[in-house]
Amino acid sequence: MTQQFAERATNVAPTGARNADLSDLVRILEDGQRRKLDVIAPASALRMREGNVHVEGVESQITASGVTRVDGIYRPTAVADEGIADKLRIPLAYLRRMRAENVPLLDENVNAWLREEPERRFMLRAFRSDDSGAMPGEGVARALLSDSYKLMDNLDMLLAALDGVQQSGHPTRITGCDLSDRRMYVRVESEAVAIQARALLRGYRSPFDGRSGDELPMISAGFVITNSEVGAGAYTITPRAVIQVCRNGLTQTKDVMRAVHLGGKQDEGVVSWSGQTQRKTLELITSKTTDAVRTFLSQEYVEAKVHEMEAAASRTLAEPTKTIEHVTKTLSINTETKDRILAHFIRGGQMTAGGVMQAVTSTAQTLTDADQAATLEALALPALTAAAAHG
């Protein structure tokens with residue numbers, strides 16, 4: 001049963017995306033929207049069997065489109081396992097070891113803690129199977145969350161944000177989209193705001209094609225829209241500067257705008273937000289996005305941020321290899337990524353703290369994991385600070 005279910009369940013979750021265009025992202029999100037199932041269930045209705053989440057005794061929902069069956073078997077993703085560990089206070093490393101080495105022990109541990117508080121309620125976010133050969137009620141458990149988690153789904157948030165961009169009246173283009181089990185990322189760039197940054201890019205070469213920052217010393221304004229449907233972060237709009245010669249992106253996380261997923265507790269059963277609640281949420285997102293565009297996509301904002309970077313970026317490194325070793329250790333960057341950063345630093349030819357920053361952002365472009373790439377890009381400015389301090 002477990003093997004058969006696992007084979008079927010692989011067809012449930014929508015495919016992720018890395019550097020996709022907007023139309024591909026929307027298509028994936030629409031497919032996921034069609035198969036989503038969100039339910040508030042007490043601990044007494046949840047059991048772990050053979051490593052899968054079983055939902056039992058939750059009433060089906062009857063709508064104009066048919067009956068939504070909730071009871072069934074749901075295979076947890078890695079993100080769902082993290083939620084189970086967090087909500088039941090099971091050390092995550094221990095849960096992962098049980099899943100890898102002793103699934104019956106995993107079942108026993110999870111079920112024992114669920115029995116401790118049978119009336120405690122959770123929100124289970126799942127995907128129903130789209131496989132015609134699957135049994136009713138089979139699917140994937142995407143996340144186990146608090147029953148007060150506020151649903152702010154990627155497709156709704158994306159459309160509201162794009163409405164905000166349009167309302168700002170500022171010319172922009174979407175340069176890439178990522179979708180993982182944890183988050184959605186949409187990169188937006190200004191078509192009108194670009195400044196010269198000769199001091200910052202002096203002596204730099206693109207590690208991808210060798211073009212020179214001296215010949216194209218331009219930085220464009222932009223921002224990243226991010227959202228998580230599974231409790232991995234708030235809706236955020238983060239300013240992002242784009243270095244045109246190599247398309248490296250620098251995110252300014254300290255200036256981020258955010259909207260958190262917090263709401264009132266829900267009734268048990270399938271979650272269905274009222275039209276009024278949803279409308280107010282999306283109106284807020286549209287408004288926040290409009291404000292972000294006007295703030296982040298301005299000549300003054302980008303010039304101020306470049307000026308902040310220039311002094312630290314010009315610091316020449318006496319021993320670049322040791323500096324990169326120090327920076328990556330300080331920022332908890334793993335060995336494989338550290339080696340990539342060093343290779344990009346050498347190809348970039350800029351033997352300064354700014355060259356370390358550029359190597360971090362160019363390395364981020366090469367990572368296939370969208371979450372890891374976004375995390376590394378966000379570390380570019382801390383890397384600049386650490387490299388300048390180390391010398």
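This is a predicted model: local features need pLDDT of at least 70, side-chain atom pairs count only at pLDDT 80 or more; totals for chains, interfaces and linings use all residues.

Q: OK, how many helices and strands does the protein have?
A: There are 14 helices and 16 strands. Both are DSSP runs numbered from the N terminus: H or I with at least four residues for helices, E with at least two for strands.

Q: And how much of the protein is buried?
A: Of the 391 residues, 52% are buried. Buried means under 20% relative accessible area, exposed means over 50%, and partly exposed is in between (1.4 Å probe, protein chains only).

Q: What about the accessible surface?
A: The accessible surface is about 17700 Å², and 49% of that belongs to carbon and sulfur atoms. Those areas come from the Shrake-Rupley method with a 1.4 Å probe; for residues, only the protein chains shown count as cover.

Q: Let's do helices. How do helix 12 and helix 13 pack?
A: Helix 12 (residues 353-366) and helix 13 (residues 370-378) pack at about 170°, with axes 8 Å apart. The axes are lines fitted to C-alpha atoms, for helices over the stretch in contact, and angles run from 0 to 180 degrees between N-to-C directions. That angle makes helix 12 roughly antiparallel to helix 13. As for the labels, under 35 degrees is roughly parallel, over 145 roughly antiparallel, 65 to 115 roughly perpendicular, and the rest oblique.

Q: Which residues make the contact there?
A: V360, T363 and A364 of helix 12 meet A373, L376 and E377 of helix 13. By class, the contact has 4 nonpolar, 1 polar and 1 charged. Nonpolar covers Ala, Val, Leu, Ile, Met, Phe, Trp, Tyr, Cys and Pro, charged covers Asp, Glu, Lys and Arg, and the others, Gly among them, are polar.

Q: V360 and A364 are both on that list. Why would residues four places apart point the same way?
A: An α-helix has 3.6 residues a turn, so residues three or four places apart point the same way.

Q: Nice. At what angle do helix 2 and helix 6 cross?
A: Helix 2 (residues 22-35) and helix 6 (residues 154-168) cross at roughly 140°, and their axes come within 9 Å. That makes helix 2 oblique to helix 6. The helix 2 side has L22, L25, V26, L29, E30 and Q33, and the helix 6 side has N154, L155, D156, L158 and L162. Sorted by class, that contact has 7 nonpolar, 2 polar and 2 charged residues.

Q: Switching topic: where is C177 found, and is it buried or exposed?
A: C177 is in strand 10 (residues 172-179). With 0% relative accessibility, C177 counts as buried.

Q: What does C177 touch?
A: Leaving out residues up to four places away in sequence, C177 touches several residues, including L22, L25, Y185 and V186. Also, the C-alpha atoms of C177 and A370 are separated by 9.3 Å, though these residues are 193 residues apart along the chain.

Q: And E189, buried or exposed?
A: E189 is buried, at 3% relative accessible area, and lies in strand 11 (residues 184-196). Among the residues E189 touches are P171, S220, V242 and R247.

Q: R247 again! Where does R247 lie?
A: R247 lies in the loop between strand 13 (235-243) and strand 14 (248-251). Phi of R247 is positive, near 65°, in a residue other than glycine. R247 counts as partly exposed, at 30% relative accessibility.

Q: What is phi for E50?
A: E50 has a positive phi of about 50°, and it is not a glycine. E50 lies in the loop between strand 3 (46-49) and strand 4 (52-55), and is partly exposed at 47% relative accessible area.

Q: Last one: how many residues of helix 3 are buried?
A: In helix 3 (residues 78-88), 8 of the 11 residues are buried, so it is largely enclosed by the rest of the structure. Among the buried ones are V79, D81, I84 and K87. After helix 3 comes R89, with a positive phi near 55°.

How values were computed. Residues are numbered from 1 along each chain as its sequence is written. Side-chain values use heavy atoms; hydrogens and water are left out. Contact means heavy atoms within 4.5 Å.
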